[in-house]
Amino acid sequence: MHYILLSLSLICSHAQADMLSDSTISPKDSLRKIQLSEIVITASRIPENVLKSPVSIELLDSRQIRLSAQPSYFDAIENLKGVQLLTSSLGFKVYNTRGFANPTNVRFVQLVDGIDNQAPHIGAPIANALAPSDLDIQQVEIVPGAASALYGLNALNGLAQLITKDPFSSPGLSVSQKTAVNHVNDPLISAKVYSETSLRYVRTIGSRVAVKINVTYQSGYEWIAGDQSDLNPNANTSLGLTGTNNPGSDLVNNYGDESANRRTLTVGGKKYVVSRTGYFENNITDLSLRNLRGDVGLYWRIRPNLTLSYQYKAATLNNVYQRTNRFRLENYVLDQHGIALTSPSVQILAYRTRENTGDSYNIRSMAENIDKSFKSDNQWFTDFTNQFTSSTAAGQSAVDALRTARTTADAGRPQPGSVTFNQQVDRLRDINNWDIGASLRVKSWLYHAEAQVEPTRVLWAGFRQKTGINLLAGLDFRRYVVFPDGNYFINPDITNSNLIYGKTGGFVQASRQFFGEKLKLSGSIRLDKNTYFNPKVNPRISAVFSPVENHTFRASYQTGFRFPSLFEAFSNVNSGGVKRVGGLKIMSQGIFENSYLRTSIDALQAAINADVNTNKLTTDQAIQKNKGLLKPNTYTYLKPEQVNSVEVGYKGLFFDKKLYLDVDFYFNVYRNFIAQVEANIPKGKNPDSLAYYMADRNQQERYRLWTNSKTKVYNYGASLGLRYSAGRDWVISGNASLAKLNRTDQGDGLEEAFNTPKWITNVGISNPTLWQNVGFSLNYKYQSSFLWQSSLATGVVPAINTFDAQLSYALPTPGRLVNSLSFKVGGTNLLNRPYTTFTAGPSVGGFYYVTVVATAL
């Protein structure tokens, strides 16, 4: 740790979480007790009744986790109202709420006991890499929508707070073994075994000191991304070459046949778009899953209401992950040190997260560079052209000649699993330049400190008693530090050896109750200052009205800002002949001003090909005819994103508190979406020859730049949640959420894709005492089809219809050494109907598991 940071914010109050322990809740009429007593902290950063939260909040408590049909609490989050799950692999799942999703969700924050659970260099949660184990989780709180007013940074789409068990109230030893099978009846591979072993040990020393240890190890085989849909189906339509006869195809999960691996070949007076052959993902990478994570915590109760704690967390990941491309994470290491001081009125927190990507690599770059290492692009396309010419001269049809030409050009190509192929993989995974290698080499650090004070609780208690006003204030400081690797990141600031990027911020919140505590008004304002941007102000106002007991109406308005992530601001990546450059002026000055939009360049080249093939023009005539299609790049340097959000909602209990109802509606306006634009710069300087430069791939420098959309985007949505206690411990639950992109005011085509289904619904039924000590739950999920757009692939994601179920059994008298012993048998996607959660993502099939949990005092 280069230095120690200190400032102010929230540490989750484990004491409140203890109030929700299973041991304090009777199974009988559990629904009414849960809904009335549960306390949440995430919505307002102070403890409050879940019914009276000023904004929508979803809760996954210990009882719901225990009865969930999903194999873990992290999977069970998917069933909460309004939550969208994105599965990049078996070992990497990402959540989103309220639209504009992507597998690296920089607009959604994930906290663990108040600590940001992100990989520093991407600025987004890295799934459950540093998340609590199933044995140590107390509850999960999800705040859908903007939370920037209190949490700042990236909380535009939502926030997840994972709260662990208090070591002082839950000592002892717990061990869990989960064994499962997936890939059942998978045509690509035989069934595979999954294993997850967890251990939790807590030792208290007197009433003031506690030690907590958690360890979890996962092993298995990833879901396979094997979509063979063609992303470039119209490349040769002017020649009548479509479908499997298209030599310029770009198959979704085949890598090495993308735009950078294609050329237009002129043969016999016709122009053919031809791509190299490439490799499918399951042939190019190791799909085994081997993840190890754990944490150690020391807790000292200085006084009954004052606790000092230290935690160390670490994880080693070996699984598949997706960003703009798909990656194999290999020996990827994250670790984190955190110190917290908590009391009822003051909380102080400081932590450092370190990231080392280890031996990880880009799967696409690996594939295309194995192709290039075997035979250069120039040689391959020359061999292809020569053989095609010979074959057509010998009387073969164009279709047959194209196949013969590919076979000839590919002769001697390394085959997956061969010694030559494996040698190339080992060589390329150690080359830190994606134009000629594939390695992902990033070392980064995140330093964060924050503190929060509620002065009216103790120090200014007299002021609160006189005015009724409650005050809350906080400060925070964050700094990212990256070691420049020369490819992924460079350091444009020569005054520092490392790349440094950071922000500071703070907030003030005031609230007061009126009319006999029936109405609560709250207001907060937050100010954040980033190194490269002017200060941004985030206000929030809210009203909560409870006219009678157990019925609450709420309304809120807030704004949110998101500063560019480290990667968006400073990336410097060579990839397939395309330079990906961060959008700050210090990184991209001169590129924006002198480039032309790739969309217009593609249109120019397609028009030239069509005129040569169909209208019998010469290439020169076609260039002159279509040169007006070229469009200069009109985008410019990065600015922060902004959202303005209005939300109204209602929560209530009916029928003697047996029915719980939660309804919300929201409307958002987004500005300055951070997205990417592809733009090329001509190598030549003669302005009269511009169209000729852009018609020739070799005469232009290609860039992918981070910038802002000019479009203002409007989206809205609503959700409904129900839970009904039907008696004899039966609970019926359901939720439905609507998310819709309303309109864009310009439609410039650059806005971040909505990437969200219109409808997500869940229906469940459960009973913890179905028969004696046997419990049961069944859940049905429906998700409507939707358009997915990304730089990797665009397509329609089919609708999802799945059933999940579980049976659990608690052994009545486990024995003297074991305090409790339980078994859980279940499955997700029980009918084993494979589905994907986004285009280019893996196909998710049935997952059938058995879990055994033993605890000892």
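A nonpolar core is a set of buried Ala, Val, Leu, Ile, Met, Phe, Trp, Tyr and Cys residues joined through side-chain atoms within 4.5 Å. I keep that in mind for the first entry. The model I am reading is predicted.

**Entry 1: cores**

I looked up the largest nonpolar core, and it has 56 residues. Which residues have the most contacts inside it? They are Ile126, Tyr488, Phe489, Tyr501, Phe570 and Leu705. I picked Ile126 and listed what it touches, leaving out residues up to four places away in sequence. The list includes Phe92, Ala119, Leu317 and Leu329. Asn117, Gln118, Tyr332 and Leu334 are also on it.

**Entry 2: aromatic pairs**

How many aromatic pairs does the structure hold? I found 35. One of them is Phe489 with Phe567. Their ring centres are 6.4 Å apart, with 90° between the planes. That makes the pair edge-to-face, because planes over 60 degrees apart count that way. Phe489 sits in the loop between β26 and β27, and Phe567 in helix α12, so the pair ties together parts 78 residues apart in sequence. Are these two residues buried or exposed? Both Phe489 and Phe567 are buried.

I then checked Phe592 and Tyr637. This pair is edge-to-face too, at 5.4 Å centre to centre and 85° between the planes. Phe592 is in helix α14 and Tyr637 is in the loop between α16 and β34, so parts 45 residues apart in sequence are tied together. Phe592 and Tyr637 are both buried.

I also noted one aromatic cluster. It is formed by Phe92, Tyr321, Phe327, Trp434, Tyr488, Phe489, Phe567 and Trp706.

**Entry 3: the surface**

Next I looked at a nonpolar surface patch of about 650 Å². Its residues include Leu173, Leu199, Ile213, Tyr217 and Val296. Strands β13, β14, β15 and β20 each supply at least two of the patch residues. Which strand gives the most? It is β15, with 3 residues.

Tyr217 lies in strand β15. Its relative accessibility is 38%, so Tyr217 counts as partly exposed.

**Entry 4: an exposed Phe**

Where is Phe515 found? It is in the loop between β27 and β28. Phe515 counts as exposed because its relative accessibility is 64%, and exposed means over 50%. I also checked its distance to Phe545. Phe515 and Phe545 are 30 residues apart in sequence and 9.8 Å apart in space, C-alpha to C-alpha.

Key
Residues numbered from 1 in each chain as written. Predicted model: local features only at pLDDT ≥ 70, side-chain atom pairs only at ≥ 80, totals over all residues. Heavy atoms only, no water. Patch = residues over 30% accessible without salt bridge, like charges linked within 9 Å, V, L, I, M, F, W, Y side chains within 5 Å. Areas by Shrake-Rupley, 256 points an atom, 1.4 Å probe, with all protein chains shown as cover. Salt bridge = Lys/Arg side-chain N within 4 Å of Asp/Glu carboxyl O. Helix = DSSP H or I, 4+ residues; strand = E, 2+ residues; numbered from the N terminus. Buried < 20%, exposed > 50% of the residue type's maximum accessible area, 1.4 Å probe, protein only. Contact = heavy atoms within 4.5 Å. Phe/Tyr/Trp six-rings, centres within 6.5 Å; stacked < 30°, edge-to-face > 60°.
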